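Hi,

Here is the structure we talked about. Please have it open while you read; my notes follow below.

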Amino acid sequence: MTQNNSQFDNVSVVKRANVYFDGKCVSHTVKFADGTRKTLGVIFPAALQFGTEAPEVMEVTGGRCRIRLAGQSDWQEYAAGQQFSVPGNSKFDIEVLETLDYVCHYG
């Protein structure tokens, strides 16, 4: 797999979209030859809460959001070029300030 900042090469994409929160979040699953997967998606401006099973790293590729991890009171702001980590079996609140493009890395 050749990977750079703008694309993933030699992958499989699941055609059916993952649609959450009445269409406020839409993503597609990308599968890599080594068995790993990522999701690529868009979250439209909204205040939402996501749950996690596995640890996740959310890479913000466009837009702007604020997040608050479970058990924390402070919000942190993220924009294109930044990322944040969420533990497995947890949750986080997200307030999307500008339509958010993201890549979610699992594991």
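I'll start with the cysteines. The sulfur of Cys104 lies 9.5 Å from the closest cysteine sulfur, the one in Cys25, and that is too far for a bond. A disulfide would need the two sulfur atoms within 2.5 Å. Keep in mind that this is a predicted model.

Is Cys104 buried or exposed? Cys104 counts as buried, because its relative accessibility is 2%.

Cys65 is in no disulfide either. For Cys65, the nearest cysteine sulfur is again that of Cys25, 12 Å away. Cys65 has 0% relative accessibility, so it counts as buried. How many disulfides does a search of the whole structure find? The search finds zero.

Next, the core. The largest nonpolar core has 19 residues. Ile43, Ile67, Phe84, Phe92 and Ile94 have the most contacts inside it. Which elements give two or more residues to this core? They are strand E5 (47-51), strand E6 (56-69), strand E8 (83-86) and strand E9 (91-106). E9 provides the largest share, six residues. As background, nonpolar side chains tend to be buried together in soluble globular proteins.

Phe84 sits in strand E8. Its relative accessibility is 4%, so Phe84 counts as buried. What does Phe84 touch, not counting residues up to four places away in sequence? The partners are Glu56, Val57, Met58, Val60, Cys65, Ile67, Tyr78 and Phe92. That list includes Cys65, the buried cysteine from above. It also includes Ile67 and Phe92, which are among the residues with the most contacts inside the core. For a distance to check on screen, take Phe84 and Leu40. They are 44 residues apart in sequence and 15 Å apart in space, C-alpha to C-alpha.

Last, Ser27. Ser27 belongs to strand E3, residues 25-32. With a relative accessible area of 3%, Ser27 is buried, because the cut-off for buried is under 20%. Leaving aside neighbours within four places in sequence, Ser27 is in contact with Ala17, Asn18, Tyr20, Thr39, Leu40, Gly41 and Tyr102.

To recap: a search of the whole structure finds zero disulfides, the largest nonpolar core has 19 residues, and Phe84 and Ser27 are both buried.

Best wishes

Note on methods: Residues numbered from 1 in each chain as written. Predicted model: local features only at pLDDT ≥ 70, side-chain atom pairs only at ≥ 80, totals over all residues. Heavy atoms only, no water. Core = buried A, V, L, I, M, F, W, Y, C linked by side-chain atoms within 4.5 Å. Buried < 20%, exposed > 50% of the residue type's maximum accessible area, 1.4 Å probe, protein only. Helix = DSSP H or I, 4+ residues; strand = E, 2+ residues; numbered from the N terminus. Contact = heavy atoms within 4.5 Å.
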